[in-house]
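Let's take a friendly walk through a protein model.

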Amino acid sequence: MIIGAFSLLLLFGCSSSGPSITGSIKDIRTGTAGMELEFQENSPPQEVFEDELFYARLLMHNKGAYDLNGVVSIIYNDGLLELEEGIPRQLVRIRGRSLGNPTGDTEFMDLKFRAKELGIQQEAQRTTLTALGCYVYEAALQEEICIETD
């Protein structure tokens, strides 16, 4: 029996072939990603007409291992667009990756705009919606060490 236990120790001692909670935590804490901002497809649309209402939905995804606390702002030209609904600057709190949530959380910001009328001499005008995220981040480095008996 003692020889069997010693054999198992030699076989699985510090090898990475056995199951390891530490290895799973290490996988969660691997990478350089943090907050990812992305407008949902066709939101905002590529083209709108004067006095037309449209929606902009921002997806905020935390791909990092740490919870994220910060501010997300949507910047727009108020000479061309009028905000009808929503708050363009919001405090956000988005959970990061964990063993129970290996992809991290996603939150949404929904805004409703109205395109203003253009001047008499304008046929079309391009404008941009810009999403900015500002948050505190944390980085850590972990390395596993195996300590064996003689």
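## Starting with one lysine

Lys 63 counts as partly exposed, because its relative accessibility is 32%. Keep in mind as you read that this is a predicted model.

Which residue does the side chain of Lys 63 meet in a salt bridge? The partner is Glu 36, with 3.2 Å from N to O. Glu 36 belongs to strand 1 (residues 35-39), while Lys 63 sits in the loop between strand 2 and strand 3, so the pair links distant parts of the chain, 27 residues apart. Glu 36 is partly exposed too, with a relative accessible area of 34%.

The backbone of Lys 63 has a neighbour as well: its oxygen lies 3.4 Å from a polar atom of the side chain of Arg 97. You can find Arg 97 in the loop between strand 5 and strand 6. Is Arg 97 buried or exposed? Arg 97 counts as buried because its relative accessible area is 18%, and the cut-off for buried is under 20%.

## More charged pairs

Side chains of opposite charge can pair when their charged atoms come close. How many salt bridges does a search of the whole structure find? The search finds six.

One of them joins the side chains of Arg 114 and Asp 51, at 3.4 Å from N to O. Arg 114 is in strand 6 and Asp 51 is in the loop between strand 1 and strand 2, so this pair ties together parts that are 63 residues apart in sequence. Both partners are partly exposed: Arg 114 has a relative accessible area of 22%, and Asp 51 has a relative accessibility of 44%.

Another salt bridge is formed by Lys 112 and Glu 85, whose closest N and O atoms are 3.5 Å apart. Lys 112 lies in strand 6 and Glu 85 in strand 4 (residues 81-85), so parts that are 27 residues apart in sequence are tied together here.

## The nonpolar core

Now let's turn to the nonpolar residues. The largest nonpolar core has 16 residues, and Met 60, Val 72, Val 92 and Phe 113 have the most contacts inside it. Which strands each supply at least two residues of this core? They are strand 2 (53-62), strand 3 (68-75), strand 5 (89-94) and strand 6 (106-115).

## The whole chain

Stepping back, the protein has two helices and seven strands. Read from the N terminus, the order of elements is α-α-β-β-β-β-β-β-β.

Of the 150 residues, 21% count as buried. The protein exposes about 11,400 Å², and carbon and sulfur atoms supply 53% of that area. Among contacts between residues at least 6 apart in sequence, 74% join residues at least 24 apart.

Definitions and conventions
Residues are numbered from 1 along each chain as its sequence is written. This is a predicted model: local features need pLDDT of at least 70, side-chain atom pairs count only at pLDDT 80 or more; totals for chains, interfaces and linings use all residues. Side-chain values use heavy atoms; hydrogens and water are left out. A nonpolar core is a set of buried Ala, Val, Leu, Ile, Met, Phe, Trp, Tyr and Cys residues joined through side-chain atoms within 4.5 Å. Buried means under 20% relative accessible area, exposed over 50%, partly exposed in between (1.4 Å probe, protein chains only). Helices (H or I, at least four residues) and strands (E, at least two) are DSSP runs, numbered from the N terminus. Contact means heavy atoms within 4.5 Å. Accessible areas come from the Shrake-Rupley method with a 1.4 Å probe; for residues, only the protein chains shown count as cover. A polar contact is a pair of N or O atoms within 3.5 Å; within protein, one must be able to donate a hydrogen and the other to accept it, and residues adjacent in sequence count only if both atoms are side-chain atoms. A salt bridge is a side-chain nitrogen of Lys or Arg within 4 Å of a carboxyl oxygen of Asp or Glu.
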